[in-house]
Amino acid sequence: RQAGAEVVLRPADLAGDTATSEAAVLHALDAHEALHGARVDVVLLVQCTSPFLTREDVDGVAAAVADGDADTAVTVAPFHGFVWRETAAGTAGEGHGHGVNHDKSFRPRRQDRPQDFLETGAAYAMDAAGLREHGHRFFGRTDLVRTDPARVLEVDDPHDLARARALAPLLDAGRTALPTADDIDAVVLDFDGTQTDDRVLIDADGREFVSVHRGDGLGVAALRRGGLKLLILSTEQNPVVAARARKLKIPVLHGVDRKDLALKQWCEEQGIAPERVLYVGNDVNDLPCFALVGWPVAVASAHDAVRGAARAVTTVPGGAGAVREIAGWILGPSLDSLPQ
């Protein structure tokens, strides 16, 4: 709703486990036409269980129907697998395996077989009048819109979700919209595991040492000169955190139990809207801050739950120049032109 979407609430009989997608789409179609008093020409169904859907997929199926000769369109990916099925109970050979898309007695090479396509479950487009007439999504001429097989994943159970979280930083690198200077007013940095590699060296006297990246220092300096508010926020009450903040010439709040409350108070004091804040973290104690800000960012070495909750993920791990990379997102080419 905040982004301008029109929300249609399903009636109870279409909100259960057995309701079909077509029934829900037809209900939404009726609701939209009744509200606006105008006929819909093309219906697009985009399923939330496909996390790696791209705008090209959406444009492809929509254009096939709106601008082409197709009545319906579906996203597919090249498929080369041999599909098997067990013979149904009560029939000859019950429980035995038989080939569905192949003759098990003849195993041609993949390149010698006809090309099969796997329905990805991501995006569909339909002529609205045809959908009303036929009641299903595959009537008339159906165009196949090819998509990247590496991005085909449907989330139907917790194992699928775990795989999606693991793949997201790899598949979305370079595709996810990254923040620019127009999007944010402040950058807040966790310390351990974000500006360091999360290791601590301790000498015989108990003094702690960490390793930081010089590139991160250059990135912070550029962000500061670019006019952004900066803060280091850490749960650790450690002299090394304060020393690094002095070196970078930015304020620090450390020894903080509730980082989200400290961050909220800091935003109020600075007059900064939380949705205009970019927060960089790496572990689960950063998740409350992620929920508060508009730009939660995880370093590549972050915990799986943190990367899954992030709006963007760096390509390098904490302590290896992740902050410098983020500064490059924000400042773009101007980062290299600012005086060092």
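This is a predicted model: local features need pLDDT of at least 70, side-chain atom pairs count only at pLDDT 80 or more; totals for chains, interfaces and linings use all residues.

Tutor: Residues are numbered from 1 along each chain as its sequence is written, and side-chain values use heavy atoms, with hydrogens and water left out.

Student: How many bridges join β13 to strand β14, and in which sense do they run, parallel or antiparallel?

Tutor: Strands are DSSP runs of E with at least two residues, helices are runs of H or I with at least four, and both are numbered from the N terminus. Two strands pair if DSSP finds at least two bridges between them. β14 covers residues 312–313, and its Ala 312 is the bridge partner of Val 297. Between β13 and β14 the bridges number two, and the strands run parallel.

Student: Which helix does the chain pass through from β13 to β14?

Tutor: This β-α-β crossover is right-handed, a term for a path that runs clockwise from the first strand over the helix to the second when the strands point away from the viewer. The helix on the way, residues 304–309, is α9.

Student: Are the residues on the two faces of β13 buried or exposed?

Tutor: In a regular strand the side chains alternate between the two faces of the sheet. Buried means under 20% relative accessible area, exposed over 50%, and partly exposed in between, with a 1.4 Å probe and protein chains only. Trp 295 and Val 297 on one side, and Pro 296 and Ala 298 on the other, are all buried.
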